[in-house]
Amino acid sequence: MPRLIVYAILISGLLALLPPAIIARVRATPDPNPPVHIFHDMDFQTKYLPQSENAQYADGRAQRPPVLGAVARGETYADTHYYDGVSGGQWASAMPTQVPLTMELLQRGEARFNIYCTPCHGYDGAGNGIVNQRAIALVSNAAGPVNGTVWVQAKSVHDETVIVQPIGQIFNTITHGVRNMAGYGSQIPVEDRWAIAAYVRVLQRSQNATPDQVPADRRAGL
Amino acid sequence: MSRFLFPRWTNALLPLLLVAGATLPLYVVFVVAYGFSPKTLDVGYMPSQPVPYSHALHAGILGMDCRYCHNTVESAAFAAVPPTQTCMNCHTQIHRDSPKLVPVRQSYETGLSIPWAKVHKLPDYSYFDHSAHVNRGVGCVECHGRVDQMEVVWKDQPLSMGWCLDCHRDPTDRLRPVSQITNLAWDQKTQMTREERESLVKLYHINPSENCSTCHR
């Protein structure tokens with residue numbers, strides 16, 4: 001057999017190993033380039049998806065904000081107790097009728113508190129969540145605050161000034177924030193904010209209770 | 001006119017040709033199936049982002065819940081990328097001069113969006129609904145992987161139709177209690193028995209359809 005033919009067979013055999021090797025490498029490494037699309041089908045349609053771009057608008061957003069002053073049906077916000085925590089010109093001291101105080105509501109409040117509030121306020125509400133700890137570490141850095149960090153110790157919900165607040169005021173703090181705390185009105189739906197406010201009351205009761213407030217059949221477990 | 005005769009050495013090629021004829025189609029099938037698979041083409045997409053935001057820090061070390069930022073995930077089809085306000089809840093104070101946060105501060109001042117790169121893209125004819133999944137025991141980690149360990153997010157799963165159907169045909173092993181939905185380190189295969197997972201199918205009324213119209217409209 002001529003040398004040429006032998007070499008051709010050997011080389012094509014070796015070349016055949018290349019594609020699997022390349023594929024194995026592609027599989028094992030992350031790639032910043034958009035995925036290769038072999039068949040486009042109708043994967044990319046001329047329509048706008050949530051949070052997609054539309055160059056027609058100056059801000060580039062396909063989702064348009066409501067026109068200033070527009071009022072959607074059912075969004076008059078006339079019920080100040082439900083939307084603002086204000087009843088009769090004062091902070092409401094009771095839950096609004098739309099959100100009755102039930103065990104489910106308190107459990108919902110606990111779950112929501114643990115998502116949105118614990119980073120700063122901690123699971124017990126005492127104000128020493130992990131973000132608070134980290135921020136204090138950044139501020140008290142020996143060579144000065146890291147990246148200009150400023151921080152005021154997160155408030156404990158067991159603070160005397162918070163315990164005396166009517167629930168409507170706590171709801172308002174969650175909605176609009178206070179001092180250095182940002183408002184969560186756009187991040188948490190109104191019903192969940194009431195659930196959190198109710199759970200703050202639960203934390204206050206649980207962390208500041210006396211033994212005689214514990215049901216008699218549970219006292220042995222203390 | 002003399003007849004053309006194949007040289008004698010070509011006889012040795014005959015078995016080689018037979019072998020090649022049998023293996024070449026298999027080889028082509030293998031390369032196409034392996035190479036064009038979404039596991040090759042789609043998994044591992046890791047676009048660079050305008051801000052070096054670390055999920056490993058925020059969701060991992062700080063242990064923040066996914067829903068702190070992606071707060072629409074339980075009520076909407078789309079798990080929204082948070083507005084800049086969510087970043088600034090903390091970063092008006094923490095690392096407020098950081099050069100890494102320049103695009104965030106610019107966005108906060110101008111009101112223009114941060115041009116985050118979308119990592120998990122579906123074809124425009126598929127209508128995935130996050131709320132339908134996370135409210136019924138399919139955890140974030142099933143589709144997104146250990147985002148709490150990613151400095152830069154990459155696509156961990158192929159998100160192809162066959163991959164969706166794997167779970168729609170037998171969801172039992174992918175289910176967890178809703179209370180653990182965002183706990184990426186929690187693994188239902190070690191924390192629960194198969195029977196317990198089967199009970200979740202009943203509890204959450206899970207009847208995953210394989211109809212075309214379930215996902216395509």
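1. Helix axes here are lines fitted to C-alpha atoms over the stretch in contact, and angles run from 0 to 180 degrees between N-to-C directions. The model is predicted. On that basis, helix 8 and helix 9 of chain A pack at about 125 degrees, with axes 9 Å apart. Angles of 65 to 115 degrees count as roughly perpendicular and those over 145 as roughly antiparallel. The pair is therefore oblique. The crossing of helix 8 and helix 9 of chain A is right-handed.

2. The residues of that contact are as follows. Helix 8 of chain A brings Ile167(A), Gly168(A), Ile170(A), Phe171(A), Ile174(A) and Thr175(A). From helix 9 of chain A come Val190(A), Arg193(A), Trp194(A), Ile196(A), Ala197(A), Ala198(A), Val200(A), Arg201(A) and Gln204(A). By class, the contact of helix 8 with helix 9 of chain A has ten nonpolar, three polar and two charged residues.

3. The lining of the second largest pocket splits into 19 nonpolar, twelve polar and two charged residues.

4. Which helix gives the most to the lining of the second largest pocket? Helix 8 of chain A does, with five residues.

5. Now helix 5 of chain B in its own packing. The axes of helix 5 (residues 84-91) and helix 6 (residues 102-110) of chain B come within 10 Å and cross at roughly 115 degrees. That makes helix 5 of chain B roughly perpendicular to helix 6 of chain B. Helix 5 of chain B passes helix 6 of chain B in a left-handed crossing.

6. Thr84(B), Gln85(B), Cys87(B) and Met88(B) of helix 5 touch Val104(B), Arg105(B), Ser107(B) and Tyr108(B) of helix 6, both in chain B. This contact of helix 5 with helix 6 of chain B holds four nonpolar, three polar and one charged residues.

7. One further pair joins the two chains. Helix 2 (residues 18-28) of chain A packs with helix 1 (residues 10-35) of chain B at about 15 degrees, axes 10 Å apart. That makes helix 2 of chain A roughly parallel to helix 1 of chain B. The crossing of helix 2 of chain A and helix 1 of chain B is left-handed.

8. On the chain A side, helix 2 uses Pro19(A), Pro20(A), Ile23(A), Ala24(A) and Arg27(A). Helix 1 of chain B answers with Tyr27(B), Phe30(B), Val31(B), Tyr34(B) and Gly35(B). The contact of helix 2 of chain A with helix 1 of chain B has eight nonpolar, one polar and one charged residues.

How values were computed: Residues numbered from 1 in each chain as written. Chains lettered and ligands numbered in written order. Predicted model: local features only at pLDDT ≥ 70, side-chain atom pairs only at ≥ 80, totals over all residues. Heavy atoms only, no water. Helix = DSSP H or I, 4+ residues; strand = E, 2+ residues; numbered from the N terminus. Parallel < 35°, antiparallel > 145°, perpendicular 65-115°, else oblique. Left-handed = near helix turned anticlockwise from the far one by under 90°. Contact = heavy atoms within 4.5 Å. Nonpolar A, V, L, I, M, F, W, Y, C, P; charged D, E, K, R; others polar.
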